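Visitor: I'd like to learn how to read a model like this one. Could you walk me through it, feature by feature?

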Amino acid sequence: MSIRLSNGVVLPMEMHKVRIVQKTSLPPAAERLRAMEEAGYNTFLLRTRDVFLDMLTDSGTNAMSDNQLAAMMVSDDAYAGSESFYKLQAAVQDVFGLKYVIPAHQGRAAEHLLAKVFVKPGDVVPMNYHFTTTRAHFELAGGKVLEIFTDEALNTQSDCPFKGNIDLDKLHDVIHNYGPERVSFVRMEATTNLIGGQPFSLANLRAVKEIAADHGILVVVDASLISENAYFIQKREPGYADRSIQSIIREIMDLCDICYLSGRKSCSARGGFIATSRDDLFARIRPWLPVYEGFFTYGGMSTKEVEAIAVGVREMVDPDVAGASAEFVEYFVRRLVQCGIPAVTPAGGLACHVDARKFLPGLDSFQYPAGALSAAVYLASGIRTMERGTVSMDRDENGKELASDLELVRFAVPRRVYSMSHIEYAVDRIQWLYRNRGLIGGLKFVEEPPVLRFFLGRLEPLGDWGRRLAEAFRSDFGPDC
Ligand SMILES: *Cc1c(COP(=O)(O)O)cnc(C)c1O
């Protein structure tokens, strides 16, 4: 919920209270420099003890509710026939209106199963935008990911409410050019993670479904951030202002053949699942579950997490839960825009994103501007962010580097974790960096893994800029900050 103050300022309001806390600490700049060097200028390789605000991701880092924790205590650890599974199934049936649920240990495990069953060598998988693990699994199965976003999608300073829409003409072209039999399915991601958490509209999904159905092609929704996408539909799509989050989610589910999700995002738990109402699709996917994940009543998850997801699915339709992160992101983006900093607009789900190409126009893609800015943010603040740019792209089959469409630094806002002073601190340190952006240089790989290189790769600054940036910070703020 947002509250309008008497001076007209609109503030996001926490509709919950904090009852369990985790202590955090702010290491001074000299310590941060040491930690960043040890981490190979890759924020993934930092240790929590060296991080003040962990804005790497909203994945598995959300604050759980009292009811989720309570449910975990009564989980049923049966290998087969666990009652926890039946609670999850009932929650998915009630909230999504889908008949079958196939639990999997994470979202990417769901993607692996879908790739195994539906993606054949030579296939194409059109989608509004890829996610890192999605692309890896579909390509490992021999498929090709085709991103058919609209022209507005990559405009980081936009007022288009639905940058996550699919371009319908491009969808027609894909079907025409490859033939419907080579299209594994159309994938629609709720709040496209890599282009700034941007939602799709129901009107667009409806049109996608119509075109796909005309050619006998399946529609798969990646519902990891479904409650946020529904929240944006309610706020932005004409005709939906009076509709509940629950009824919008139902309408989305009515338009897809299969949905899958990572339980680490909207559901504020860990784990994942695939859901469908179609007997034939269920029958094709389920046999693979015990091969890769586990028996069908736990699917590789702890039954505690099965319980937590079951409660999370029911709770995420509460508008105060669906909007908890989105409203903070909106505030964060608004503050950065006020300060003249190139944040991605409109504000999306999951995170505030800063456009590193605009922040650091002197760096080309292969000097990794988003990676460099992400490292610089840590040096200046102790805030851990995530690079979403060329470092996150793997090389092509010929070993050539691929430049990312966008170079973004993602300040994830995990649900119900951080407060207003944390956001104001982040805004202040980003402003300081913007004034000192001339000090920030590029990066180069010194250790580069062959797949999903951003997770474990190690980099080095081109020149000595990390040290100089830390020095500049110390001289402005003193040795203790
Ligand atoms: C996180 C995420 C995934 C992968 O899920 P994991 O649980 O991290 O394996 C897939 N798709 C989207 C949109 C995500 O945000």
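Visitor: How much space lies in the largest pocket?

Guide: Rolling a probe the size of a water molecule over the atoms shows where empty space is left. A pocket is an open set of points on a 1 Å grid over the protein atoms alone, where a 1.4 Å probe fits, with protein on both sides within 12 Å along at least five of seven lines. Here the largest pocket holds about 1,500 Å³, the volume being the space filled by probe spheres set on the points. This is a predicted model: local features need pLDDT of at least 70, side-chain atom pairs count only at pLDDT 80 or more, and totals for chains, interfaces and linings use all residues. Residues are numbered from 1 along each chain as its sequence is written, and side-chain values use heavy atoms, with hydrogens and water left out.

Visitor: Which residues are closest to the centre of that pocket?

Guide: Lining residues have an atom within 4 Å of a point. There are 46 of them, and Ile20, Ala63, Met64, Arg416 and Val417 lie closest to the centre. Helix α14 gives the most to the lining, with 4 residues; helices are DSSP runs of H or I, at least four residues.

Visitor: Which residues have the most contacts inside the largest nonpolar core?

Guide: Such a core joins buried (under 20% relative accessible area, 1.4 Å probe, protein chains only) Ala, Val, Leu, Ile, Met, Phe, Trp, Tyr and Cys residues through side-chain atoms within 4.5 Å. The largest has 64 residues, with Phe332, Leu373, Phe411, Leu433 and Trp465 making the most contacts inside it. Another core, of 60 residues, lies apart from it, and includes Val124 and Met253.

Notes. Buried means under 20% relative accessible area, exposed over 50%, partly exposed in between (1.4 Å probe, protein chains only). Helices (H or I, at least four residues) and strands (E, at least two) are DSSP runs, numbered from the N terminus.
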